[in-house]
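Me: I would like to learn how to read a structure like this one with care. Could we go through it feature by feature?

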Amino acid sequence: MTTTTYENALRIGSTTYRLAATADPDLVVELTGTDSSGALVAEGALRLPADAGGRLGKLLGQVLDALGRLSTPAPASPGNRPANANQPWTRDLDEDLRVEWLAAEEGSPSADLIRGVARRLERSPTSIRSRLARIGCDPDVPGRVLSGGGAEVFGVQGPAQGRVRGKPDSGGEGVS
């Protein structure tokens, strides 16, 4: 009888994983993981009937893939968050954001504008987008107030939430 062996290694972060699979006559799969200092951090072995190796290998791959997708990244450390994250919004900040958004040129990419405002206000783009809807601005279209239908989608009051001051070039006319 012929013995067949498959060996491979993979480095993930600072850990090197080695896999050796041997068929003689059963299929034996051995896995070890060592960190950069050579310390053993993972090990395991499977003994399977040789004729089931392909199907069980597929099942094992699906399970490991699903477990990998369930893993969530560690929460962001406070040092990685914008300086004003979780700080309350003031009327002045709301008004400045509203005036800036409504003064934006039509056709400006909303994502770029939101990122710029987020950097300037030291908040996340997500918080800016959310706040735009809350103050009656359409977060998808710079320079436009949020329609009643849009307010319903975002679950906010929309433009009826309060009077929106006109753009600087609108001759002082208010927008409702």
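Me: Over which residues does pLDDT stay under 50, and how should I read such a part?

Reply: Where pLDDT is low, the predicted coordinates should not be read in detail. In this predicted model, pLDDT stays under 50 over residues 158–176, and for these residues the model has 31 contacts beyond four places in sequence.

Me: What does the chain average in pLDDT, and in which helices is confidence lowest and highest?

Reply: The average for the chain is a pLDDT of 80, with 82% of the residues scoring at least 70. Confidence is lowest in helix α5 (residues 148–154), where the mean is 72, and highest in helix α2 (residues 91–103), where it reaches 93.

Me: What volume does the largest pocket have, and which residues are closest to its centre?

Reply: The volume of the largest pocket is about 380 Å³. Its lining is made of 16 residues, of which L19, V29, L31, L60 and L64 are the closest to the centre. Two or more lining residues come from each of β1 (4–12), β3 (27–34), β4 (40–48) and α1 (53–70), and α1 gives the most, with five residues. By class, the lining has 12 nonpolar, three polar and one charged residues.

Me: How many aromatic pairs are there, and what sits over the ring of W89?

Reply: A pair of aromatic rings is described by the distance of the centres and the angle of the planes. Here the count comes to zero aromatic pairs. The ring of W89 does, however, have the charged end of R123 sitting over it, 4.1 Å from the ring centre.

Key. Residues are numbered from 1 along each chain as its sequence is written. This is a predicted model: local features need pLDDT of at least 70, side-chain atom pairs count only at pLDDT 80 or more; totals for chains, interfaces and linings use all residues. Side-chain values use heavy atoms; hydrogens and water are left out. On a 1 Å grid over the protein atoms alone, a cavity is a set of points where a 1.4 Å probe fits but cannot get out, and a pocket is an open set with protein on both sides within 12 Å along at least five of seven lines; lining residues have an atom within 4 Å of a point. Grid points are joined across faces, edges and corners, and a volume is the space filled by probe spheres set on the points. Helices (H or I, at least four residues) and strands (E, at least two) are DSSP runs, numbered from the N terminus. Ala, Val, Leu, Ile, Met, Phe, Trp, Tyr, Cys and Pro count as nonpolar, Asp, Glu, Lys and Arg as charged, and the others, Gly among them, as polar. Rings of Phe, Tyr and Trp (its six-membered ring) pair if their centres lie within 6.5 Å; planes under 30 degrees apart count as stacked, over 60 as edge-to-face and the rest as tilted. A charge sits over a ring if NZ of Lys or CZ of Arg is within 6 Å of the ring centre and within 35 degrees of the ring normal. pLDDT is the predictor's confidence in each residue, from 0 to 100. Contact means heavy atoms within 4.5 Å.
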